[in-house]
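Welcome! Please take a look at the sequence and the model below, and then we can walk through some of the parts together.

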Amino acid sequence: MRELALNVLDISENSLSAGAKLILITLDIRFSADTFSITIADDGCGMSEEMLARVTDPFTTTRTTRKVGMGLPLFRYSAESTGGSFSITSKVGEGTRVCALYHIGHIDRIPLGDFGGVALQLVTMNPNTDFVISVKDEDAGQAGVLDTREFRAELGDIPFTEPEVRAFIKDYIQENLVNIYGGRL
């Protein structure tokens, strides 16, 4: 994939396929340490230990439309190729947590890309799932959170796809999430 935001989208789609009702996406930046991490955690069906042991093998997939699954293997490779790390934990009936750590200045680091656009797409296109998307810059002491449960409490039955609501969410993402890292990733 050409940008890490697309990995976030892909892993989140895995969470949706696993029946997740809550997906947590965290971007944790530490410019002073030259690192940032992306974590995606869900409350979906989880994986067995056997599946967990094989899930980063490109020839392991639960899809029936093809025999390869490149999302997790590419996410792992993109982190490890920068000298970073990758981890995945999962329990049947409890959910899955995927974390990739990157070295910002490494020549092989893929750009983050349109993280805000991916966040907007996930939030507006999945009305039966809640998202908590947070961006933290530890050095600057800045943090921003988008919690769809709070939005739903305010909006009631008004869908996120309503043009005015979608525009508000888009602006909220830009102001409270994307501006924290200011295009430096």
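How many bridges join β1 to β2, and do they run parallel or antiparallel? Eight bridges join these two strands, and they run antiparallel.

## Before we start

This is a predicted model, in which local features need pLDDT of at least 70, side-chain atom pairs count only at pLDDT 80 or more, and totals for chains, interfaces and linings use all residues. Residues are numbered from 1 along each chain as its sequence is written, and side-chain values use heavy atoms, with hydrogens and water left out.

Helices (H or I, at least four residues) and strands (E, at least two) are DSSP runs, numbered from the N terminus. Two strands pair if DSSP finds at least two bridges between them.

## Strands β1 and β2

Let us return to the opening pair. β1 and β2 form a hairpin with four residues between them, and Asp34 in the turn has a positive phi of about 60°. Arg30 has Thr35 of β2 as its bridge partner. On its other pairing, β2 (residues 35-42) joins β4 (residues 95-103) in the antiparallel sense over seven bridges, with Ser37 opposite Leu101 of β4.

Eight of the eight residues of β2 are buried (under 20% relative accessible area, with a 1.4 Å probe and protein chains only; exposed is over 50%, partly exposed in between), so this strand is largely enclosed by the rest of the structure. In a regular strand the side chains alternate between the two faces of the sheet. In β2, Thr35, Ser37, Thr39 and Ala41 point one way, Phe36, Ile38, Ile40 and Asp42 point the other way, and all are buried.

## A look at Leu24

Leu24 sits in strand β1 and is partly exposed, with a relative accessible area of 34%. Leaving aside residues up to four places away in sequence, Leu24 touches Thr39, Ile40, Ala41 and Val132; here, contact means heavy atoms within 4.5 Å. Leu24 and Lys136 are 112 residues apart in sequence and 13 Å apart in space, C-alpha to C-alpha.

## Strand β5 and its partners

β1 (residues 22-30) also pairs with β5: eight bridges join them, and they run parallel. Here Thr26 has Ser134 of β5 as its bridge partner. Seven of the eight residues of β5 (residues 130-137) are buried, so β5 is largely enclosed by the rest of the structure.

Next comes β6 (residues 142-147), which is joined to β5 by six bridges and runs antiparallel to β5. Ile133 is partnered by Leu146 of β6. β5 and β6 form a hairpin with four residues between them, and Gly141 in the turn has a positive phi of about 65°.

## Helices that meet

The axes of α4 (residues 115-125) and α6 (residues 163-181) come within 9 Å and cross at roughly 140°. Such axes are lines fitted to C-alpha atoms, for helices over the stretch in contact, and angles run from 0 to 180 degrees between N-to-C directions. That makes α4 oblique to α6, since angles under 35 degrees count as roughly parallel, over 145 as roughly antiparallel, 65 to 115 as roughly perpendicular and the rest as oblique. The contact is made by Phe115, Gly116, Ala119, Leu120, Val123 and Thr124 of α4 and by Arg166, Ile169, Lys170, Ile173, Val178 and Tyr181 of α6.

A second pair is α1 (residues 4-17) and α3 (residues 71-80), whose axes come within 10 Å and cross at roughly 145°. Leu4, Asn7, Asp10 and Ile11 in α1 meet Gly71, Leu72, Leu74, Phe75 and Ser78 in α3.
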